[in-house]
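Please examine the sequence and the three-dimensional structure shown below.

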Amino acid sequence: MSLMDFFRRDQKNSAAIAKERLRVLVAHDRLRNNGPDYLPQLQRDILEVIRKYVEIGDDDVVVNLENQGQTSILELNVTLPDQKP
Amino acid sequence: MAKIIVVTSGKGGVGKTTTSAAVASALAMRGFKTAVIDFDVGLRNLDLIMGCERRVVYDFVNVIQQDATLNQALIRDKRLENLYVLPASQTRDKDALDQEGVKRVLDELAETFDYIICDSPAGIEHGAQMALYFADEAIIVTNPEVSSVRDSDRIIGILQSKSRRAREGGTVKEHLLLTRYNPERVERGEMLSVKDVEEILAIPLLGVIPESEAVLKASNQGVPVVHDQESDAGQAYDDAVARYLGEDRPHRFLDKQKKSFLKRVFGG
Ligand SMILES: Nc1ncnc2c1ncn2[C@@H]1O[C@H](COP(=O)(O)OP(=O)(O)O)[C@@H](O)[C@H]1O
Ligand SMILES: [Mg+2]
């Protein structure tokens, strides 16, 4: 693949990339601005605990809070590294 | 009862002032007595877009500080007799607007006007919060671009938590206005689409204003673009206001313009 092809391909999908980045970013912003104050620390603590067992990146733990009427649901998504065969 | 509408975005340079001028003019054209207020203290611009910059004597801050009466500061539009502009001051510091003072001015305007349009400054600080605090409804001006969409979401969050209505347990009605839209680039996958932005922000779409040469031309002349009914942007703003008032107008300018036969033959 030539360098030109690389740029061209990159450009073609840039709107889709933008949308995906925004989806994550906006969810994160909303949580930080409207969620409880302890959430960022909670996220860091969870990251620490998991790192005792596996190596994961800073963005591999995604915390989400959803309000459903009276209750809030804390959703936790952890992406584990590929398993070595 | 006057309706207070804030035109806001978080990010600067997305089209708030262009929109404030167009929306206020379109409402006045339909017979509503309308005032449009420039909240951008220190960076006065609305008067230029409205073409009344040479008639500014007193400004919003003068009225707030009671150095002038509202009637002395309001500038009557030269084209539309029921449209008035309240300019921002050019020199004073940004914190010159206090909530009490803003309330006094809005209350006085509300006695005689149908619509009060508040042109917000950029950012999420004091000036922007003053512009949105008393709003009944909000037009969120967004460009199809990551930082603009993100900032719009922030400002929506502030409307939902820090406006007077939110504080009193109510809601500010939100309208998404996507501006500087370029259908060709959307089609090529280079620009977020209307659908993308609607999905992310999750507020109802009021209209889509295309990227248009008519906007620069209008600002050069000091005539709000909605007066240019030949232009795509002028028509799109007119549609948006008609829709706001409850008319059912299909969205236009969302698809790539088909090249006309002549253009295809002769190029262009
Ligand atoms: N639909 C549009 N097409 C082309 N240019 C636009 C459009 N809307 C706004 N602009 C231009 O973008 C710039 C910023 O617009 P302005 O209304 O002053 O934004 P804001 O008040 O949000 O800072 C101006 O130069 C204006 O002419
Ligand atoms: Mg402006």
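How many Å separate an oxygen atom of ligand 1 from an N or O atom in the side chain of B:Thr18? In this predicted model, the distance between these atoms is 2.6 Å.

An N or O atom in the backbone of B:Lys16 lies 2.8 Å from an oxygen atom of ligand 1. For B:Val14, a backbone N or O atom is found 3.2 Å from an oxygen atom of the ligand.

These residues may now be placed in a wider setting. Ligand 1 is surrounded by 13 residues, and the closest are B:Gly13, B:Lys16, B:Thr17, B:Thr18 and B:Ser212. Sorted by class, this shell holds four nonpolar, six polar and three charged residues. Two elements of chain B, helix H1 (16-29) and strand S8 (205-210), each contribute at least two residues to the shell. Helix H1 of chain B gives the most, namely three residues.

Strand S8 leads from the ligand to the sheet of chain B. This open sheet has eight strands with mixed pairing, in the order S3-S4-S2-S5-S1-S6-S7-S8. Its edge strands are S3 (75-76) and S8, each of which pairs on one side only. The strand that supplies residues to the ligand shell is therefore also one to locate at the edge of the sheet. Within the sheet, strand S1 (residues 3-8) and strand S6 (residues 137-142) of chain B pair in the parallel sense over four bridges.

Helix H10 (residues 194-201) of chain B lies across S6, S7 (173-181) and S8 of chain B. Relative to S7 of chain B, helix H10 runs at about 150 degrees.

Which sense of pairing do strands S1 (residues 61-68) and S2 (residues 71-78) of chain A adopt? They pair in the antiparallel sense, over eight bridges. In this pair, A:Val61 stands opposite A:Val78 in S2 of chain A. Strands S1 and S2 of chain A form a hairpin with two residues between them. In the turn, A:Gly69 has a positive phi of about 60 degrees.

Definitions and conventions. Residues are numbered from 1 along each chain as its sequence is written. Chains are lettered from A and ligands numbered from 1 in the order in which they are written. This is a predicted model: local features need pLDDT of at least 70, side-chain atom pairs count only at pLDDT 80 or more; totals for chains, interfaces and linings use all residues. Side-chain values use heavy atoms; hydrogens and water are left out. A residue is near a molecule or strand if one of its heavy atoms lies within 4 Å of it. A polar contact is a pair of N or O atoms within 3.5 Å; within protein, one must be able to donate a hydrogen and the other to accept it, and residues adjacent in sequence count only if both atoms are side-chain atoms. Ala, Val, Leu, Ile, Met, Phe, Trp, Tyr, Cys and Pro count as nonpolar, Asp, Glu, Lys and Arg as charged, and the others, Gly among them, as polar. Two strands pair if DSSP finds at least two bridges between them. Contact means heavy atoms within 4.5 Å. Axes are lines fitted to C-alpha atoms, for helices over the stretch in contact, and angles run from 0 to 180 degrees between N-to-C directions.
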